[in-house]
Every structure is written in structure tokens, then in C-alpha cells.
Amino acid sequence: MSSILLSIQNNVAFITLNRPDKLNAFNGEMSLLLQGKLDECASLHEVRAVHLSGAGKGFSAGQDLAEVVDPAGPGLEKILSEYYNPIVTRIRNMPKPVLAAVGGVAAGAGANIALCCDIVVASQSASFLQAFSKIGLIPDSGGTWFLPRLVGWQKASALAMLGERISAAEAERIGMIYKVYPDDELSGASMALAAGLAQMPTKALGLIKHALNASFTNSLEAQLALEDTLQQRAGSTRDYREGVKAFMEKRLPTFTGE
Ligand code: LHQ
């Protein structure tokens with residue numbers, strides 16, 4: 001069985017991290033496979049939303065530490081530049097929404113790959129930990145970029161330094177994730193969210209992502225100018241015309257992603 005599964009249903013690509021006996025810890029092969037599946041999702045026109053989850057009882061325990069201690073394994077530099085960084089940039093640059101459904105522990109790079117997604121939901125028993133400092137490392141896979149933006153400097157600093165495991169409820173409370181569902185409802189709820197996203201105006205969602213990607217580093221003036229540019233693009237889509245027409249005709253819109 002492959003360590004990354006992909007299936008596409010009703011315009012949603014379901015990507016599953018699939019090393020359940022290792023809590024879906026990443027090895028090099030799995031990281032490269034995930035990059036390939038993300039490329040497929042980005043290029044396939046029928047894919048209008050991506051749902052990322054883990055098989056079994058964890059989301060992902062981050063780097064498979066057995067690979068790190070293997071003398072024949074990849075070095076630290078390769079792990080970041082060839083494995084994790086390209087995953088994070090693919091998710092952020094994909095002009096389609098990516099939703100992470102965290103149904104168990106999300107640790108290390110596993111946590112930060114979840115947190116770089118556009119919407120993160122979790123089950124009540126899920127947990128998040130910046131495990132890095134416990135083994136003498138710093139948060140990677142965008143952790144030092146996303147965490148302060150999500151939860152503020154103080155919480156980010158404490159979570160990164162202390163490496164404490166926090167509950168999904170606490171993650172929701174501090175704004176690290178969007179919503180928590182009872183354990184037996186996560187799968188249905190996250191699939192419904194992804195299905196809903198896949199029927200929305202896909203180009204506008206991609207442009208929202210583009211604008212948010214830039215918002216923390218742009219000046220207000222630069223962000224207003226970017227909104228202006230991107231709004232012109234959104235306004236030239238079929239879905240925009242359909243959205244306004246449907247509103248005027250007092251009916252539900254049918255968006256096609258065009
Ligand atoms: C694991 C792992 C794991 C292998 C659980 N590897 N087996 C970048 C640059 C270069 C190098 C390093 O990495 C990185 C990026 C990173 O992601 S660094 C952070 C790496 N991850 C960690 O340090 C997390 C280590 N794991 C844990 O702290 C715990 O296992 C967590 C909190 C994730 C889960 O705890 P529990 O629910 O109590 O489960 P467990 O500890 O009993 O784990 C279950 C099994 O999974 C166990 O194996 P065993 O054969 O004893 O049943 C663990 O050894 C194995 N496992 N994480 N990352």
C-alpha cells in the first residue's frame with residue numbers, strides 16, 4: 001500500500017497520509033509522493049478542493065526519526081529543502097482550497113503541514129505539538145512563519161520553546177485551527193466542508209489565498225493595490241457573473257470554477 005493515497009470524488013481530492021503503524025510519520029519517499037499528489041491536484045481541472053487527513057489514529061508524527069538516525073538516510077539539509085519545504089510551498093501556492101482534517105496527534109512537521117492548510121479542523125481527541133525543541137531542533141515546515149501569524153508572538157514562542165502537547169479545543173481557542181468536532185463527526189463534517197468548498201467559485205477562493213499569503217508582509221497600500229488587481233481577476237470570472245445573476249434572480253448559484 002502506498003504511503004500517500006489519493007482519490008477524487010465530486011471535485012474533491014482526498015489525500016490520505018498512509019503510514020498508520022508509524023503514526024503517519026514522514027520518510028523521504030512519502031514526502032516526495034505527497035509533493036507529486038499535490039501537483040496532480042493543482043493541475044487537474046476537476047479538482048476544486050483538497051481534503052488532507054491521516055489514516056489510523058494519528059494525523060502525522062512529523063519526521064520519521066528512524067530515517068534521521070539511519071547513516072544512509074538523507075541529511076537535515078535535504079530533508080528540509082527537498083522534502084518539507086516543497087510540500088508547504090505547494091499547499092500555499094495551490095490556487096484551490098486545502099483543508100486539513102486532523103483526527104489524532106499532529107506533531108513536528110506533521111503539525112506544521114496541517115497548519116499551513118487554508119482551513120484546519122480537528123476531532124476532540126486530536127492534539128498538536130511543536131515537538132522540535134524536545135529533540136534539539138527548531139520548528140520547520142513553516143512553523144516559525146505560520147504560528148505567530150495564527151496565534152500571536154507570545155503563544156507561538158511558548159509553544160515552540162516548551163514543545164507542549166495541546167488539545168484540539170485549546171488549539172481552537174487560541175485561533176490555531178478553525179473548528180473542533182466530536183470524534184465520530186470529524187470525518188463527515190470535514191468531507192462536507194470540502195464538498196462545499198468544491199462547489200464554490202474556485203478562482204475566487206484561489207485569489208483569496210493569494211491575497212492572504214501576501215497580507216502579513218505587505219503595507220496597507222500594497223495590499224489595497226493587490227486587492228484591486230485580484231478583484232479585477234475575480235470580476236472577470238464566469239462564477240462572478242453567475243453569483244450576481246443568481247442573487248438578482250433570487251435562486252442559488254451554480255458555480256463551475258470558471
Ligand atoms: C515514531 C514517531 C516518529 C518514528 C511516533 N518517528 N516513530 C526536520 C529536520 C530533520 C530532522 C528531523 O525532523 C524534521 C521535522 C520534524 O518533524 S522534527 C519532529 C519529529 N517528531 C517528533 O519528534 C515526534 C516524536 N513522537 C512523539 O513525540 C510521540 O510519539 C507523539 C506525541 C507524536 C505521540 O505520542 P503517543 O500517542 O504516546 O504515541 P507513541 O509515542 O507511543 O508512538 C506510537 C509509535 O509511533 C511508537 O512506536 P512503537 O513501536 O513503540 O509503538 C513511536 O516510537 C512511533 N513514533 N512518532 N516521529
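Predicted model: local features only at pLDDT ≥ 70, side-chain atom pairs only at ≥ 80, totals over all residues.
Which residue forms a salt bridge with Asp118?

Now the interface. On the domain 1 side, 12 residues are in contact with seven residues of domain 2. The area buried between domain 1 and domain 2 comes to about 860 Å². Carbon and sulfur atoms give 51% of that area. In domain 1, the residues that lose the most area to domain 2 are Arg48, Arg92 and Arg149. Together these three arginines make up 52% of what the domain 1 side buries.

Back to the opening question. The partner of Asp118 is Lys209, and the closest N and O atoms of this salt bridge are 2.8 Å apart. The rule finds one salt bridge across the interface of domain 1 and domain 2. For polar contacts across this interface, the count is six residue pairs, with both residues at pLDDT 80 or more.

As for secondary structure, two helices are to be named on the side of domain 1 that touches domain 2: helix H3 (76–93) and helix H5 (143–151) each supply at least two of its residues. By class, that side of domain 1 has seven nonpolar and five charged residues, and no polar ones.

Definitions and conventions:
Residues numbered from 1 in each chain as written. Heavy atoms only, no water. Contact = heavy atoms within 4.5 Å. Buried area = accessible area lost by both parts, 1.4 Å probe. Salt bridge = Lys/Arg side-chain N within 4 Å of Asp/Glu carboxyl O. Polar contact = N/O pair within 3.5 Å; in protein donor to acceptor, adjacent residues only side chain to side chain. Helix = DSSP H or I, 4+ residues; strand = E, 2+ residues; numbered from the N terminus. Nonpolar A, V, L, I, M, F, W, Y, C, P; charged D, E, K, R; others polar.
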